[in-house]
Amino acid sequence: MTVAFVLQPEHGYVILVGVLTGFVNAWAGMKVGSARKLYDIKYPQMYAEKADKNFNAFNCVQRAHQNLVENLPVHFMLLATSSLFRPGYAAIAGLVRVLGFIAYVQGYASGNPAKRMNGGFGYLGLFASIGLSIEAAITLINSA
């Protein structure tokens, strides 16, 4: 049996969350670019060396962005699959995750790695997205 999907008006919010995620990624990348200039870390060097006096400060900014980049594929996949049947809830969950990314990057980039936990609330959005995606998978499997 084939399942037909109909885009609902709430899918527009899902799209906006995806666009917002792209802007957050660009913002975090610009923070790295600014830190490169401030701490004189030249390309292609990924991280500052321990001998560098700004080792911790730069690496915290770089690691914050790198962690965000590492999470993007799963975030986008869950955003898409969680929205199949409940796009409104999926958009809310995705937005919570993105707000968590912002707090995470802001905290980590402060130079105090412990402050990255300020974004821990974003996991609520992640877990909600996982639940909605599992529900979508089960719904599709049971439609056969």
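Everything described here belongs to a predicted model, and the values are computed from its atoms. The cavity is lined by H75, L78, L79, R97, G125, L126 and S129, and helices α2 and α4, the latter covering residues 122-142, each supply at least two residues of that lining. Sorted by class, the lining of the cavity has three nonpolar, three polar and one charged residues.

The chain has four helices and zero strands, and from the N terminus on its elements run α-α-α-α. Along its principal axes the C-alpha trace spans about 60 × 25 × 25 Å. The radius of gyration of the chain is 18 Å, whereas a compact globule of 144 residues would have one near 15 Å.

How do the helices lie against one another? Two packed helices are described by the angle between their axes and the distance between the axes. Helix α1, which covers residues 11-39, packs with α3 at an angle of about 10°, and their axes are 8 Å apart. Because angles under 35 degrees count as roughly parallel, α1 and α3 are therefore described as roughly parallel to each other. On the α1 side the contact is made by H11, Y13, V14, V17, L20, T21, V24, W27, A28 and K31, and on the α3 side by P87, A90, A91, G94, L95, V98, F101, I102, V105 and Q106. By class, this contact of α1 with α3 has 15 nonpolar, four polar and one charged residues.

Helix α3 also packs with α2, here at an angle of about 175° and with the axes 10 Å apart. Since angles over 145 degrees count as roughly antiparallel, α2 and α3 are therefore roughly antiparallel to each other. From α2 the contact takes in C60, R63, A64, N67, L68, N71, H75, L79 and S82, while from α3 it takes in A90, G94, R97, V98, F101, Y104, V105 and Y108. By class, the contact of α2 with α3 has 10 nonpolar, five polar and two charged residues.

We can now turn to the largest pocket, which holds about 170 Å³ of space. Its lining is made of 13 residues, and those nearest its centre are N67, R97, Y104, G119 and Y123. The elements that give two or more residues to this lining are α2 (55-82) and α3 (87-108), and the largest share, five residues, comes from α3. By class, the lining of the pocket has six nonpolar, five polar and two charged residues.

Most residues other than glycine have a negative phi, and most peptide bonds are trans. In this model, phi of D40 is near 55°, a positive value in a residue other than glycine, and D40 lies in the loop between α1 and α2. Y43 and P44 are joined by a cis peptide bond, with omega about 5°, and P44, too, is found in the loop between α1 and α2.

Note on methods:
Residues are numbered from 1 along each chain as its sequence is written. This is a predicted model: local features need pLDDT of at least 70, side-chain atom pairs count only at pLDDT 80 or more; totals for chains, interfaces and linings use all residues. Side-chain values use heavy atoms; hydrogens and water are left out. On a 1 Å grid over the protein atoms alone, a cavity is a set of points where a 1.4 Å probe fits but cannot get out, and a pocket is an open set with protein on both sides within 12 Å along at least five of seven lines; lining residues have an atom within 4 Å of a point. Grid points are joined across faces, edges and corners, and a volume is the space filled by probe spheres set on the points. Ala, Val, Leu, Ile, Met, Phe, Trp, Tyr, Cys and Pro count as nonpolar, Asp, Glu, Lys and Arg as charged, and the others, Gly among them, as polar. Axes are lines fitted to C-alpha atoms, for helices over the stretch in contact, and angles run from 0 to 180 degrees between N-to-C directions. Angles under 35 degrees count as roughly parallel, over 145 as roughly antiparallel, 65 to 115 as roughly perpendicular and the rest as oblique. Contact means heavy atoms within 4.5 Å. The radius of gyration is taken over C-alpha atoms; the globule rule is 2.2 Å times the number of residues to the power 0.38.
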